[in-house]
Amino acid sequence: MGTMVMETNEHKAMRTKYKFLILILMTLFCSITSAQERFIRVSNGKFLRNGKPYYFVGTNFWYGAILGSEGRGGNRVRLCKELDAMKKYGIDNLRILVGSDGEEGVKTKVEPTLQCAPGVYNDTILAGLDFLMQELGKRKMTAVLYLNNSWEWSGGYGYYLEQAGAGKAPRPNEAGYPAYMNHVSQFSTNVKAQQLFYDYVRFIISRTNRFTGKKYVDDPAIMSWQIGNEPRAFSREAIPAFEKWLAESSALIRSLDKNHLISIGTEGAWGCEGDFEVFERISSDCNIDYMNVHLWPYNWGWAKQDSLVENLSRACQNSKDYIERSLAIAQRLQKPLVMEEFGYPRDNFLFTPGSPTQGRDGYYNFVFSLIVEHAKRGGNFAGCNFWAWGGLANPQHEQWQRGDDYTGDPAQEQQGLNSVFLTDHSTLKIIKKYSKILRKTH
């Protein structure tokens, strides 16, 4: 016969105490896990959203913060309509410029500017960014927020160099792009210009949204902080310094924000002086969570102005080769790849809403189908952001002028060249079709 042991009151109290402690720990663990799942993550080379694989068709909406303001250029009614329209077509990932830099009244430059001078900010645009993030959160949409630009249309490299005492950058529309690129190649080695940029990064990432009360670092409506739009060394000699600057930038962002993904914003090898090894090195940085490529068949000479439809097959084949070489790197590094910029002009190089888009539709169909193929087999090609959303805009001039609607085309480009308007029914039909397919794979 076994020995019976009576449970004392002390044992009962201890058992109750342990149960209560376990319950607290489980609740805390679930709370932490739930909080983490609110943010888009990377695991085994794939994005996870709410714990499930995330593949997407997104767009570029660089002017979102300006549209969200109540000052010049702002139009919150239009902004909300645009977001609702994107959501309707399955677009929930938007790549957005935080703000432009420097003086206004410069032809081919985005305005109003956010950073008027080092440490001096236009609060109207900051309010616009806050409002935009609030509205994205309401619709369960996400943003990739880029902080710099190697090109002239929002200031960026040229602005920081000027503030650091390196002189004004030549305007490409006046002096040509070679002169501009030669000047801004100094950015990779100009420590003072970089420090001014780092000050800006600290200011933006450390902010609290005035409408939601959320710190930006705690906002799940942000998918990623991005170092810049198409950052380049602009010379082979500057590549080591360029790589060092990118590493410093990503480390700074990580020190400020542990919740969000970090990306570079590069075009891929095209933005690394054509060197896939450089592209692999900058993408392998431990603070870079996923890889980017951009693709511009017309700009890169794969399709001609007078034969955009006829050149479609070549544009698609060259794009496929570029994507596959980039994907090979992504697979080695076990990181997702996003084609976050690509465009194809309207047929016959027309700009007006409603003009034919047979070539563009064919190119979009090609890109989206590649992502669907990867989604179905759990591949690394995780998403895309077409350039760009024009929505309700009604362009008044071929070149943007103050008071005109913002389109997807920045001020240095013909208005309507690469924009997708709400009147582009065939293009929107393709976008909706593939967005729906990708949602079913989640």
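Let me begin with Glu82, which at 0% relative accessibility counts as buried, where buried means under 20% relative accessible area, exposed over 50%, and partly exposed in between, with a 1.4 Å probe and protein chains only. What we are looking at is a predicted model, in which local features need pLDDT of at least 70 and side-chain atom pairs count only at pLDDT 80 or more, while totals for chains, interfaces and linings use all residues. Residues are numbered from 1 along each chain as its sequence is written, and side-chain values use heavy atoms, with hydrogens and water left out.

Glu82 forms a salt bridge with Arg78, at 2.8 Å from N to O, the term requiring a side-chain nitrogen of Lys or Arg within 4 Å of a carboxyl oxygen of Asp or Glu.

A second pair is Asp424 and Arg346, whose closest N and O atoms are 2.6 Å apart. This pair links distant parts of the chain, 78 residues apart, with Asp424 in the loop between β15 (420–421) and α13 (425–441) and Arg346 in the loop between β12 (337–342) and α12 (358–376). Asp424 is buried at 4% relative accessible area, and Arg346 is buried at 0%.

Finally, the search of the whole structure finds 25 salt bridges, and Arg72, Glu104, Glu111 and Arg402 are linked in a network of them.

Definitions and conventions. Helix = DSSP H or I, 4+ residues; strand = E, 2+ residues; numbered from the N terminus.
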